[in-house]
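Please keep the sequence and the three-dimensional view at hand while reading.

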Amino acid sequence: MLEKLTQLREEIKRSLVNAVPESIEALRVRMLGKKGEITAVLKGLGQLEPEERRKMGVAANELRDWAQNAIDGAKAAAGATQQAQALSEETIDITLPGRRRGIGRLHPLTQVYGKLEELFISLGFDIVEGPHVETVYHNFDALCTPESHPSRDETDTFYFNDGLLLRCHTSPMQVRVMEKQKPPIRVVVPGKVFRRDDVDATHTPAFHQMEGLVIDKGIHFGDFKGMLELLAAHIFGPQTKIRLRPSFFPFTEPSAEVDITCYICGGKAQHEPCRVCKDSGWVELWGCGMVHPEVLRKSGIDPDIYSGYAFGLGVDRITSALYGISDPRFYFENDMQFLKQF
Ligand code: PHE
């Protein structure tokens, strides 16, 4: 019996030399587990004569304690060795550049809206926004746009049922503001507008405008022209000149289109034909005019007391002009190569 215990001790010693944690655990189960060899010896003590049992009991318990300690110690040592080895093998290459996550930036249209708002706030304008889904009344009727006007056609405007549509300009907000607010009025209205255009190099079915409306006593065309000159200089630089061309809108009288001197060729005759102004030296940017007395009347403002001007800035066009962007489709494609440039 004592011999058996000595054998087990030797076997444990041998097995623990250079052992890995997994084989040490297997050894523990084989020796000290429920059906382990040392456990079997301890269980067998009961069948021995009392004298023998006492002697063997002491020796077997001593072996069990020793084995437990030896195995625990070996396990800890082997674990540490394994970890140290892993650490030395699995080195982290700290010279590898990390993956950069860009923080992004403002869309060029948002940047231009910001520049415009900055100017208008400094001039005392309020900024208001209106609904994309408008009534036919606010989009057309209140703006004196007759039934026969081509913009009212189903082929030009997106209609819902029930006298609703997607606004085709920001001008209905002129009406909404005048319905709510008494003069003096100074507002700009940034926002998306929608027209049934097929997508091509100069059209997108959604685009961006900024409406402006100023109503007060004694507002005349000269006030308006002064403001336009400020605006052109603020956006395109002090060298920029503006030109007003007679035009027609049902809700302004007189009406005009605003052109600026070409930002590519500077408005000078060039040897090379200019692709932007087609050699005219001018680029058309937005429509405007003095608010029609009938529009004032329909919205509850007395045209014998008040007058004013309105304009609808084409923000996509201003942005294209400012950054030399040739195609408005870029604004909607979320292409990082494009957006990163601004
Ligand atoms: N709403 C017109 C358009 O979209 C522009 C405009 C606005 C003209 C205000 C006159 C006054 O074309």
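The largest nonpolar core of the model has 42 residues, and those with the most contacts inside it are L116, F120, L231, W286, Y309, F311 and L313. A nonpolar core is here a set of buried Ala, Val, Leu, Ile, Met, Phe, Trp, Tyr and Cys residues joined through side-chain atoms within 4.5 Å; buried means under 20% relative accessible area, with a 1.4 Å probe and protein chains only. At least two residues of this core come from each of helix 5, strand 5, helix 8, strand 7 (252-261), strand 8, strand 9, helix 10 and helix 11 (336-339). Helices (H or I, at least four residues) and strands (E, at least two) are DSSP runs numbered from the N terminus. Helix 8 provides the largest share of this core, seven residues. A second, separate core comprises 19 residues, including L8, I24, L45 and A67.

This is a predicted model, in which local features need pLDDT of at least 70 and side-chain atom pairs count only at pLDDT 80 or more, while totals for chains, interfaces and linings use all residues. Residues are numbered from 1 along each chain as its sequence is written, and side-chain values use heavy atoms, with hydrogens and water left out.

Leaving aside residues up to four places away in sequence, F311 touches F120, V188, M210, E211, G212, F224, M227, W286, G287 and C288, where contact means heavy atoms within 4.5 Å.

Helix 10 spans residues 315-323, and V315, D316, I318, T319, S320 and A321 in this helix are buried. Their cover includes helix 5 (108-122), strand 5, helix 8 (221-236), strand 8 and strand 9. Just after helix 10, G324 adopts a positive phi of about 65°.

The ligand is surrounded by 14 residues, of which H169, S171, R195, Q209 and G312 are the closest; a residue counts as near if one of its heavy atoms lies within 4 Å. A nitrogen atom of the ligand lies 2.9 Å from a polar side-chain atom of H169, and a side-chain N or O atom of S171 is 2.8 Å from a nitrogen atom of the ligand. The side chain of Q209 has an N or O atom 3.0 Å from an oxygen atom of the ligand. On its own the ligand has 320 Å² of accessible area, and the protein covers 90% of this. Strand 5 (206-216), strand 8 (282-291) and strand 9 (307-314) are the elements that give two or more residues to the shell, with the largest share, three residues, coming from strand 9.

How values were computed: Polar contact = N/O pair within 3.5 Å; in protein donor to acceptor, adjacent residues only side chain to side chain. Areas by Shrake-Rupley, 256 points an atom, 1.4 Å probe, with all protein chains shown as cover. Buried < 20%, exposed > 50% of the residue type's maximum accessible area, 1.4 Å probe, protein only.
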